[in-house]
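Hello,

Here is the structure I promised to pass on to you. Please have it open while you read, as my notes follow just below.

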Amino acid sequence: MKYKSLAVIALTLLADSAIAQHKNIYHKGWVDFNKNGKMDVFEDSSKPIDARVKDLLSQMNLEEKTCQTATLYGYGRVLKDEMPTPEWKTKIWKDGIANIDEELNSLPYNKKAVTEYSFPSSKHANAINTVQKWFVEETRLGIPVDFSNEGIHGLCHDRATPFPAPVNIGSTWNKKLVYQAGSIVGREARALGYTNVYAPILDVARDPRWGRVVECYSEDPFLIAEMGKQMTLGIQDQGAAATLKHYAVYSVPKGGRDGQARTDPHVAPREMHEMFLYPFRRVIQEAKPMGIMSSYNDWNGEPVTGSYYFLTELLRKQFGFDGYVVSDSEAVEFLSGKHHVAGDYKEAVRQSIQAGLNVRTHFTMPENFILPLRELVKEGSISMKTLDERVGDVLRVKFRLGLFDDPYVKDPATTDKKVHTKADEELAVQLNRESMVLLKNEKNLLPLDINKYKNILVTGPLATEIDYTTSRYGPSNNPIISILDGIKAFVGNNAKVNYSKGCEVIDAKWPESEIIPTELTTEEQAQIDKAVADAKVSDIVIAVVGETDNQVGESKSRTGLNLPGRQLLLLQALYATGKPIVMVMVNGRPLTINWENRYLPAILQAGFPGPSAGKVVAETLFGENNPGGKLTMTYPKSIGQIELNFPFKPGSQAGQGKNDDPNGNGKTRVLGALYPFGYGLSYTTFEFSNLQISKTEIHQQADIQISVHVKNTGTRKGDEVVQLYLKDLVSSVTTYESVLRGFDRVSLAPGETKTLKFVLHPDDLALLDKNMNWTVEPGKFQVMIGNSSEDIKLKKEFTVIN
C-alpha cells in the first residue's frame with residue numbers, strides 16, 4: 001500500500017480548502033475570475049481575444065495594471081515560500097503578477113531553490129495549481145500567472161528530458177529532430193505547469209572567445225533561423241509560449257568579453273539587419289513566438305531595453321511581433337547603472353516602458369520596478385494609454401495560452417507519464433548521436449575494432465568529468481554517463497580498459513599561464529609520466545580533453561582558444577610513445593587545436609553533449625554510431641584571425657600572397673581556417689550529382705526549385721548534410737561572398753541514392769539596398785552544392801529578371 005507524504009496531504013488539503021471557499025467562481029465552461037457572479041466579456045471564451053483584453057483592462061486599477069509589468073522570481077530566487085502563505089495578502093503580488101519564473105524547479109546551482117515539490121512531476125503540477133489557485137481566487141480580478149522557465153536544451157526542471165547544449169543541437173543540422181526536441185520541451189512544460197519557455201537562443205556567435213558560444217546554434221544566421229524556427233514551432237505547438245533571446249546584437253560584445261563587459265558591439269547597420277536581426281525577423285514572421293527577451297547591451301550608443309527603435313519600430317511595426325517583451329535580468333537597471341543614459345533608476349523605468357518593454361525581470365523583488373512605475377503614471381511621465389498598451393500585450397499572451405479558459409494543469413496525476421518518457425530519452429540520445437562531428441580520421445583509424453585493440457588506455461581530465469552535461473539553463477538531476485564509463489560499458493569483457501588522468505583541465509596559474517608559461521609542478525609531471533607509462537603498455541590511447549563548464553558559458557569569455565592547462569603537453573608526451581592516439585574533444589566553442597590536428601591521427605568533436613555523453617561517444621568511437629554532424633562555427637588557427645567566420649564579405653578573409661595582392665608576400669600572417677563552417681567527416685563516403693534548377697530565368701518574386709542527387713559510395717550506412725549556398729554575382733551593394741540558403745540531413749545505406757529538393761524564395765535572394773530596403777535585384781545568381789562552405793561539389797547559375 002502506498003502512503004502519501006505529509007507534504008502531499010497538506011498540499012491537497014490546501015487546494016481542497018481553496019476550492020470549497022471559492023467553488024462558486026467555477027462554472028461549466030467558464031471561470032468567474034472577478035467574482036462578480038456573471039460572465040464578463042473577458043471570461044467568455046467565445047469572444048475575440050482583443051475584446052477580452054479591452055474588457056479586462058477596463059476593470060483594472062493602477063495597482064493591478066502595474067503588477068502585470070514585473071516578474072516574480074520563483075522559490076529560492078526571490079520568492080521565500082514554497083506555497084502561498086497568509087502573508088501573501090500583504091505582498092505586492094496581492095494585486096497579481098505578470099509571471100513567476102523557475103517556480104519550484106529545484107535548480108541544482110542554487111541550493112536555496114531545492115524543493116520537495118519538483119519531483120515527482122505530478123507533485124509539481126499539483127503545486128503549480130495551488131500557487132495558481134491563490135492568484136485566481138485570492139486576488140480581486142483573479143488574473144492567472146504565466147509560469148515561465150528556461151529551456152534552451154531541455155526544460156530547466158528536475159529530471160526533465162535533457163538535450164545537449166545548443167552548440168551541439170546546431171551541429172545536427174537536423175530540422176525534424178529539433179522540432180521534435182521543441183515538442184518535448186513544450187509538452188513537459190505544460191504538463192508540469194509552466195506556460196512560457198525562454199527558448200530558443202537566436203544569438204549569432206561570431207566570436208569564439210565569447211562565453212555563451214556554447215548556448216548558440218551557429219555563427220550563421222540562416223542556420224540559426226532554421227533551427228530556431230523548428231524549436232519555436234515545437235514548443236508552441238504544445239500550447240506553451242516560446243520566448244526568443246537575446247534581442248538584439250547581444251552576442252558580439254567588444255573583444256568577445258563577457259560578464260559586466262557585455263556592451264559596445266562593433267556592428268554596422270546593414271550587418272546588424274543581415275546578420276544579427278535576420279534570425280529574429282525570420283522566426284517572428286514564420287513561427288509567431290509569443291515572447292521576446294530584450295538584451296542588456298547597447299548598439300550604436302542606444303541600449304536595447306530603452307530603445308523605441310528596437311522594441312517598437314523594428315520588433316512590432318516591421319517584424320510583426322505581437323507577444324510580450326520581457327527584459328533580461330538587470331537590463332533596466334543598466335540604463336542608469338551602466339549605460340548612463342538615465343540619471344537614476346526611476347528614469348530607467350520610464351525609458352524602458354516608453355520604449356516598449358512589457359515585463360521587467362531581475363533577481364530582486366518585483367516592487368522595485370512596480371512602485372516607481374506607479375509614481376511615473378501618477379506624475380504623468382507615463383500615460384495610462386501607454387501602460388494599457390504594455391499590459392494589454394501581456395494579457396493577450398495569457399489569453400492565447402488559454403489561462404483565462406482553464407488556468408490549471410489538467411489531470412496532474414497523469415503528469416508523470418508525460419515527462420521524460422522512454423521515447424523522450426531515446427530522442428535525446430539520438431540528438432546527441434547526431435551532434436558528433438568527426439574532424440580527422442587518418443588512415444581510417446576510426447571506428448575502432450575491439451578485436452584489434454585489447455589494451456585500451458583512456459586518459460585526459462575530461463574522461464571522468466560530467467559537469468558539462470548539465471547546465472544552469474537545462475534539466476538537472478538526471479543520471480550521467482562519463483566518457484570513461486561509457487567506453488567501459490561498451491567494451492565490456494572484449495578488451496581491458498585502463499584509466500590515467502594525465503593532468504587537470506587547468507593548471508594553478510591558468511588563465512595567466514596562457515600568456516606567461518610556467519614550469520610543470522612535480523605533481524603535474526608525475527601525472528603526465530603515469531599516463532605515458534600506461535600508454536606504453538596499451539594498444540591504443542583515447543585522450544579525452546577540452547573544456548568544462550568552468551571555462552565556457554555565461555560570463556566565461558576566454559583570452560585564448562587553445563586547450564587550457566597542461567592538456568597539450570599531455571598529448572605531446574603521449575604522441576612521443578608512438579602509440580595511436582584518438583583525441584575526443586569536449587568543447588563548448590571552437591578551439592585552436594593546430595598541433596593536435598597536424599600530429600594526432602583521429603579527432604572527434606563531442607562538444608557539450610547531454611547526460612548520455614559516455615554512451616554516445618563510445619558508440620561513435622567503435623562504429624555503432626557513424627558521425628554525421630557538421631561544424632556550425634569556423635575553427636580559426638589563431639585568435640589573431642578573429643573574426644574569421646562564415647558568411648564573410650569578398651576579400652575580407654583573403655590571403656596575402658602575390659596571387660591576392662601584388663604587394664604581398666604572404667609571410668606575415670597565418671591564413672585560412674583550421675576547419676571551415678559546415679565541415680565534418682564520416683566513416684563512409686558520398687557523391688553529389690545531377691544538380692537541376694527548375695528555370696534559368698525567374699522574375700523577382702518567383703520561387704525556384706533545385707534538386708540534387710546524393711549517393712553513399714562507401715561500405716557503411718551514414719548521414720550526409722547536403723548544403724546549398726547562394727552567390728549574388730553582381731549587386732548594387734556589397735553582399736557576402738556566398739550565403740547558406742538550404743540544407744538537409746539525409747541517411748543513406750551503402751550504394752543508396754536519394755534526390756534532395758530545395759526551394760529558394762524571394763527572401764533568400766534579397767539584399768538591403770542603398771536605401772536599406774529589402775529587395776531582390778535583377779542579375780545572375782550561382783547555386784552551389786557541397787558538404788561544407790569550402791568543399792563545393794556542383795555549381796549552376798540562374799538569372800533574375802524584372
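Helices and strands here are DSSP runs numbered from the N terminus, where a helix is H or I with at least four residues and a strand is E with at least two. With that in mind, serine 538 sits in the loop between helix 17 (522–536) and strand 15 (540–546).

Some ground rules before the rest. This is a predicted model, in which local features need pLDDT of at least 70 and side-chain atom pairs count only at pLDDT 80 or more, while totals for chains, interfaces and linings use all residues. Residues are numbered from 1 along each chain as its sequence is written, and side-chain values use heavy atoms, with hydrogens and water left out.

Back to serine 538: its relative accessibility is 1%, so the residue counts as buried (under 20% relative accessible area, with a 1.4 Å probe and protein chains only). The serine 538 side chain reaches the backbone oxygen of aspartate 534 at 2.7 Å. Leaving aside neighbours within four places in sequence, serine 538 is in contact (heavy atoms within 4.5 Å) with Asn455, Ile456, Leu457 and Lys579.

Phenylalanine 622 is another loop residue to look at, placed between helix 20 (613–621) and strand 18 (686–693). Phenylalanine 622 is buried, with a relative accessible area of 10%. Not counting residues up to four places away in sequence, phenylalanine 622 touches Pro447, Leu448, Ile450, Ile456, Ile487, Phe490 and Val491. From phenylalanine 622 to isoleucine 450, the C-alpha to C-alpha distance is 7.4 Å, although 172 residues separate them in sequence.

Next, helix 12 (residues 345–355). Its buried residues are Ala348, Val349, Gln351, Ser352, Ile353 and Ala355, and they pack against helix 10 (308–318), helix 11 (331–337), helix 13 (367–379) and helix 14 (384–400). Just after helix 12 comes glycine 356, with a positive phi of about 135 degrees.

Last, a helix pair. Which residues of helix 6 meet helix 15? Leu177, Gln180, Ala181, Ile184, Arg187 and Glu188 in helix 6 meet Asp424, Leu427, Gln430, Leu431 and Glu434 in helix 15. By class, the residues of this contact are five nonpolar, two polar and four charged (Ala, Val, Leu, Ile, Met, Phe, Trp, Tyr, Cys and Pro count as nonpolar, Asp, Glu, Lys and Arg as charged, and the others, Gly among them, as polar).

Best wishes

Technical notes:
Buried means under 20% relative accessible area, exposed over 50%, partly exposed in between (1.4 Å probe, protein chains only). A polar contact is a pair of N or O atoms within 3.5 Å; within protein, one must be able to donate a hydrogen and the other to accept it, and residues adjacent in sequence count only if both atoms are side-chain atoms.
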